[in-house]
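Here's a quick briefing to read alongside the model. Have the sequence and the 3D view open as you go.

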Amino acid sequence: MKRLSLLVAAAACLAGARARAADLPSLWAERAKCTVAVEYVTETELERRPTIAYGTVVDSAGTIILPSAAIDLRISPRQMKDFKVYLPGDPEGSPAEYLGRDAYTGWHFVRAGPSVLGRLVPVTAFTGSAPGRELQLADEVWGVGLRNKDEDFMPYILQSHVALIQSLPQRTAIAQQEVAGPGLPVFDRDGRFVGLGASSFGQTFLEFSGAERGGSPVMLVNLEESSAFLVADEVLPFIGRIPKNVFGRPLAWLGAYGLEPMDREVAAFLKLESQSGAVVSEVLEGSPAEKAGMKARDIILGVDGKPLPRFRPDRVVVDYVERLIAARAPGDILALSVLRGPSRVELRATLEEEPRLVREADRTFFEKIGFTAREFVYGDAIARHSKASELSGVVAHLVKPNSPADIAGLRPDDWIREIDGAEIPGFAAAVATLAAIEKDSSRPETVFLVSRGSDTAVLRIKLR
Amino acid sequence: MSGGFDRLLDSVVRIDVRELNFEEGARRIDASIGSGVILTQDGLILTNAHVAGPRSVEINVTLSNLERVGARLIGWDHWTDLSLLRINLDDVKRRQLAFKHAEFGDSERLYVGETVYAVGTPHGLTRTVTRGIISNNNRYFEDTEGVDGYETGNFNTWLQTDAAINPGNSGGPLVTEDGRIVGITSRAYLGANNLGFAIPSSIAKRVVASLVRDGSITRSYIGIVPKALQDLEGFYDMATNTGMLVDSVESGSPAAGAGLRAGDIILAIDGRKIDGRFPEQLPPIENLIASQAVGSSLVIAYKRASREASATLVTARLESRMGEEWVSDTWGIGVRKISRAFARENQLHDDTGVLVIGVQRGFPADVAGLARGDIITKINQSPVNSLDVVREVDAAYSARPAPTLFEVQRERRVSLVVLKP
């Protein structure tokens, strides 16, 4: 009798599973509405280049998050134009607005226009009222992929099981196969939101050819689908971090450059067996780290009194520290425990607003000379080992092929120090000088003094 | 042909060199073949610096009578791509070998179109004579890595010839019909037709004299990179055939210390007027500076914008960017000392450290993740100021292997790694 009841129970379970399996198409149809494709155009002096990324709707105002990799960080937000949102399966895009990138999550935020608002469903509609069971190994999960533009971004389903959950440093689940497009949501068997597709991991394959009979390893990365996803707890608490402006300001800045992980063997050598750490390669001039007394080669062992946790692989500790900084605001205090030579040193740094970044720098294109002058910013000085307190000159950001500047040998990233023998104090002065040169049609040439690596060069640009 | 030419043929040798190479993180021996010419009865041989140099561990020469005899390096000068060897005279005496020696001609009197002959060992073909003309007697080129990574060509122009020059001709003489040496064959454009180059004998004579006397050549350095003024006179408002443009001033150099800046025009050096209108005119000017005794005071008259000024500077010793090399067989790593020139070029803080030039697979350095191009700045927390520091730690490690902490700089990132037995 007992045995029979057990059997009955098992049959009931099976029936339950079948019943829910039948629900999947409806769960799917409802949830695909929280995904969109976002298209934008990168407009440079020479071309317009469209880019497509996939995103997830996170609130009823039509806010969409795109993964960090969706937009190249070197591109200035001023060059990103014509944002459009496409609903899955709909060939008509509608205008959208770029809101900026959040430094902590790395996400880009976009807002859909009012015309499509009614047709979007935020992913928060599928989080359930009660806290869900924590994701576990072997859990069945499914997610959304979107086809290409020529297929009207048709949504399709991907299904898999959780194979591994890692801290990278965010809790990241890795499924057995691809489970969602990067930036698109993942759900469990009950339709509950369990995570957001992350950038996919490369997989190594052996490539065989006539010449390479032993096979040579190649790494392939699937850009359209990913088997990795951030678990919901790494997503939902942060969907409200909508940037206040397109540059994502304010940005908290410490100025400890080039953090490198301390591996286990180094920790053992330094008698720090159970410790994790990050070596500071350089302390940037004028930075909060410098003001707090940090020195190059210090090893950061703890933040705010807590030792840095151990990660697998070791290098994740670098992201962990950088996220601790990004989570704060300028003016916040960061307490650091560092190892300097044999001794421990406690530092207190007051974070500051990060100096102007290259993507925020002003630019002006000079058609006749054939290049774009870009404001010289803090990061340029650091990259060129020059004094950051004495910003001067401008950077050649783009050199138009076959233009007078190109023929004279000007190259992108050249640092223009002098024009016609006169020093260039800053961007405004450079623009005024260059504009006057372009305006003067009788002028035969202009001479730039540029820095390039450790050398300089005198370039004679023939204008006629 | 003339008697002089016969005599020349009897003085040209084939040179077989075995040299050390640390670029695989191990002591590897490479073999190569070049040419040379005997200059004196006591067995001095002139060849190229890229044929025989400090890395050579075994040098054998084949005389015109096909007898083989050993030789050793007397000195080299990569700036002009010249090396001087001495035949093992004891061996020559014991085996009663005979050879002749050749005479220098005057390269200054060569005219374009004059017939010249190249004698050497192209592709190992001993005693090959090819004929051509002087195609250009004042060719300019510099090559920052031209002699096995060492700089060359800054202080001389080159003879260009269409006599066939192939690999293995290097170090052989370029001669006139009377058999007199007017150049030392050095290089050719591979894949081009008969574009060969030789160091003029006028330069070679001076280099040989210094190498015989001192075993090396000491030059002065002031730290400017010159550029031909070519057509910029108008811009700088100057008379034609006056001045040399300073394209770059190396940081920390005597010129930088004296306040010279890129864009300045050097008008005179110690009262000698300078004409650097064309690239071909630059090596003699650089040579003028380099020929000063190290530590001499030079007065540089220059023009900046519309103002003329002068600066006095004290010359420093010219150094190559290539430092001394060494290999650790225990760690499986080849290293080269960072020179001041390398540090300057790569915008390093100072010349502390050694550059990794090779890593042997599976050895401790490889296992720890060191790679070619890394700079080892500290070992066991002590700065690496010299190769001796590395040698000492290596010796201690070999005697008693124990985990060793390396501080490594890659690009601008500093990381720590442990090398383990």
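**The barrel in chain B**

Six strands of chain B form a closed barrel in the order E7-E8-E11-E14-E13-E12, with antiparallel pairing. On average, neighbouring strands of this sheet are turned by 45 degrees against each other, direction ignored. This is a predicted model: local features need pLDDT of at least 70, side-chain atom pairs count only at pLDDT 80 or more, and totals for chains, interfaces and linings use all residues. Residues are numbered from 1 along each chain as its sequence is written, while chains are lettered from A and ligands numbered from 1 in the order in which they are written.

**E13 and E14**
- E13(B) pairs with strand E14 (residues 196-200) of chain B in the antiparallel sense over five bridges; strands are DSSP runs of at least two residues, numbered from the N terminus, and two of them pair if DSSP finds at least two bridges between them.
- Ala188(B) sits opposite Gly196(B) in E14(B).

**Val182(B)**
- You'll find Val182(B) in strand E13 (residues 181-188) of chain B.
- Val182(B) is buried because 27 other C-beta atoms lie within 10 Å (the cut-off is 20 or more, with C-beta atoms placed from the backbone).
- Leaving out residues up to four places away in sequence, Val182(B) touches several residues, including Leu110(B), Val116(B) and Ser201(B); contact means C-beta atoms, placed from the backbone, within 7 Å.
- Lys205(B) is 23 residues from Val182(B) in sequence and 10.0 Å away in space, C-alpha to C-alpha.

**Where the chains meet**
- The contact takes 23 residues from chain B and 22 residues from chain A.
- E29(B) gives the largest share of chain B's side, six residues.

Methods: Helix = DSSP H or I, 4+ residues; strand = E, 2+ residues; numbered from the N terminus. Buried ≥ 20, exposed ≤ 12 C-beta atoms within 10 Å, placed from the backbone. Contact = placed C-beta atoms within 7 Å. Axes fitted to C-alpha atoms, helices over the stretch in contact; angles between N-to-C directions.
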